Amino acid sequence: MSSHRENKATIIVTAVLAVLILVPSLWGFGMKLTEFIALVRGDVDGIFAISPVANYLLASLGFFCLLLWATLNGMFRDIEEPKYHMLEQEAKLDEASIKATPSDH
Amino acid sequence: MTDEALQSDDALSTPATHASLVDEKIVLAYFVAALTFISISMLGGFLMAAQLLRHNPLNGIEIFSPGRWRMLHTNAIAYGFLANGFLGLLHWVIPRLTLRPVLDRRLSWLIFAAWQVVVLATAVGILLGQAQGLEWGETPTWIDPLAQLGLLLVAINFMTPIIRVKGPMYVTLWYFLAAFVWTFLTYAMGNFVPEYFVSGTAAGAVGGLFIHDLVGLFVTPLGWGLMYYFVPILLKKPIWSHGLSLVGFWGLAFFYPLNGIHHFLYTPIPMFLQYGAIISTIAVELVVTTVVINFFGTIWGRGREVLTNLPIRYFYTGMVFYFLTCLQCAMQTTLTFQALIHFTDWVVGHAHLVMFGVFSMWIFGMMTYLIPLILKRDWYSNKLCEYHYWLSAAGLAVMAADLILGGLFQGWSWSSLQPWDRSIDVSFPFWMIRIWAGLSMFGGLVVFLYNFYMTWRSEPEPAMDVAVVPA
């Protein structure tokens, strides 16, 4: 029961932090993107601004595709499970390694 | 992830063991290389600090001129210490997390040898005056293709076991996967784009992206990825929230790449790019806050470990420094703040806070944990391990505080239009303190090297024959 409550609290904290981070950042990014389009359209010198922005968009596009792929492939379905699995796997690996060690040591 | 009876991928009938997965010799070789290069780097830093105090012992020798030592100092830390340290640690962590060895152990040794050639050739090239004109990208142009090829091989060697993992991945593997792609792209962007394809302001903007992406997209994801592995292992409890850790990862992925322009505020780079960089820098601070909350949530109720467990103390000291440095970053990238501190020692203090206070401390912590496991014997002296920690942490804290404060005095001196010489006079006491703080950090390293050497010379302990027992 308490673990269920803890999970719920974790989800709420995660969601609140995600919104707090994403909303202002997306708003800022959107504003600057609008300015960028206006600059490139209206000023011949604006073209040199494309170089760093293109770098950013290329990198971000790749990661956006990765995020989509990961979501569609269920990478975030049981989002807390990998942290338990990692520790269990470590313990089993240590156990297997100890068993595999020759007994004369 | 799946661990069906903990079986390795290439031979499904063979249960995976530590020995079958991890090549401990290469981990140790990388540690030795890393410690060699940090010694050279610190020596370079000391000589540069002595030069500022007008006591350069190598005065008048062209190849050892202070400007070249300075570049050697920064390059040896980035490519010699951090890269070697991380590569060694990845050879331990990735096979254990994925239950698959790296693609090819011979390829690992080839990469090891090639990387040492790259770093040594960079050092020699810099000393001979062949540095490329880009901060942290001074690697001479004739080495760039070899370094780029090396990074490609690193990505192939480590990504192969990761992409074979089925099901939801642990956050460490997300960070590593991204780091291999980012580092390859970042190196190419910084070393080839301004050199051959763009010039002027656009090249400056790309240079800014390169400097910062090297920190944020090479060092940061590897560092945090390793923390997400070692902290739960040492505390024997899972990370507080895996979901929150993924918010941190994806936040870094989307907000970090635009940060670098903040190195060039008040330049002819369009203001929307400068503002964009400021906003994304502040957004990254929020992301960092989630990561730090997650780690402090993990140690909640086990705070005593910071006192009793030295690697954990290294890790959490680095995390506190990381939060401080990112907070400082979010402030110093505003236009108001930047007008005061640009070109001052504030920036040097900030750089030391992140490179030594965070990532070097983490690597020292991980070495402190792993060296006894690899050598299968306890440390020659635990007291010397403590000295190393305190000399490093205290030295760094004093150095960072001193340079940050000194930077403010320099900025005020310049903004009040006093003669240049006056700002030098103002800086002198701060530079004096800096050299003593640096000597403390160097002393810590010497103590660690001595302890490492004496540990290596001692007899292995049969009880530690299996390198899996947590500290």
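## Close-up views of a predicted two-chain model

**Figure 1. Surroundings of B:F249 in the predicted model.** With 22 C-beta neighbours inside 10 Å, B:F249 counts as buried, because the threshold for that class is 20 or more. The residue belongs to helix α8 of chain B. When residues up to four places away in sequence are left out, B:F249 touches B:V171, B:W174 and B:Y175. The model is a predicted one.

**Figure 2. Overall form of chain B.** Chain B contains 15 helices and zero strands. Its C-alpha trace spans about 75 × 50 × 45 Å along the principal axes. The radius of gyration is 22 Å, which agrees with the value near 23 Å that a compact globule of 471 residues would have. Of these 471 residues, 54% count as buried. Among the contacts in chain B between residues at least 6 apart in sequence, 81% join residues at least 24 apart.

**Figure 3. Packing of helices α2 and α4 of chain B.** Two packed helices are described by the angle between their axes and the distance between those axes. Here, helix α2 (residues 24-52) and helix α4 (residues 105-127) of chain B have axes that come within 11 Å and cross at roughly 5°. That angle makes α2(B) roughly parallel to α4(B), since angles under 35 degrees fall in this class. On the side of α2(B), the contact is made by B:I26, B:A29, B:Y30, B:A33 and B:F37. The residues on the side of α4(B) are B:S108, B:W109, B:F112, B:Q116 and B:V119. By class, the contact of α2(B) with α4(B) has eight nonpolar, two polar and no charged residues.

Figure 4. Most residues other than glycine have a negative phi. B:L99 is not a glycine, yet its phi is positive, at about 60°. B:L99 lies in the loop between α3 (66-98) and α4 of chain B. B:L99 is buried, with 24 other C-beta atoms within 10 Å. B:K236, also not a glycine, has a positive phi of about 55°. The loop between α7 (200-235) and α8 (242-255) of chain B holds B:K236. B:K236 has 12 other C-beta atoms within 10 Å and is therefore exposed, as the limit for that class is 12 or fewer.

Figure 5. Helix α14 (residues 382-415) of chain B has 34 residues. From its first C-alpha to its last, α14 of chain B reaches 49 Å, close to the 50 Å expected at 1.5 Å a residue. B:L417 follows α14(B) and has a positive phi, near 60°. B:W420 is placed in helix α15 (residues 420-457) of chain B. B:W420 is exposed, with 8 other C-beta atoms within 10 Å. B:W420 and B:Q410 are ten residues apart along the chain, and their C-alpha atoms are separated by 9.5 Å.

**Figure 6. Helix α11 of chain B.** Helix α11 of chain B covers residues 310-332 and has 23 residues. The helix reaches 32 Å from its first C-alpha to its last, close to the 33 Å expected at 1.5 Å a residue. α11(B) is mostly covered, with 18 of its 23 residues buried.

Figure 7. Chain A has three helices and zero strands, and its elements run α-α-α from the N terminus on. Of the 105 residues in chain A, 16% are buried. The contact between the chains takes 49 residues from chain A and 53 residues from chain B. On the side of chain A that touches chain B, the elements giving two or more residues are α1 (2-42), α2 (50-72) and α3 (81-100) of chain A. α3(A) gives the most to this side, with 16 residues. By class, the side of chain A that touches chain B has 26 nonpolar, 13 polar and ten charged residues.

How values were computed. Residues numbered from 1 in each chain as written. Chains lettered and ligands numbered in written order. Predicted model: local features only at pLDDT ≥ 70, side-chain atom pairs only at ≥ 80, totals over all residues. Helix = DSSP H or I, 4+ residues; strand = E, 2+ residues; numbered from the N terminus. Rg over C-alpha atoms; globule rule 2.2 N^0.38 Å. Contact = placed C-beta atoms within 7 Å. Nonpolar A, V, L, I, M, F, W, Y, C, P; charged D, E, K, R; others polar. Expected span 1.5 Å × (residues − 1). Axes fitted to C-alpha atoms, helices over the stretch in contact; angles between N-to-C directions. Parallel < 35°, antiparallel > 145°, perpendicular 65-115°, else oblique.
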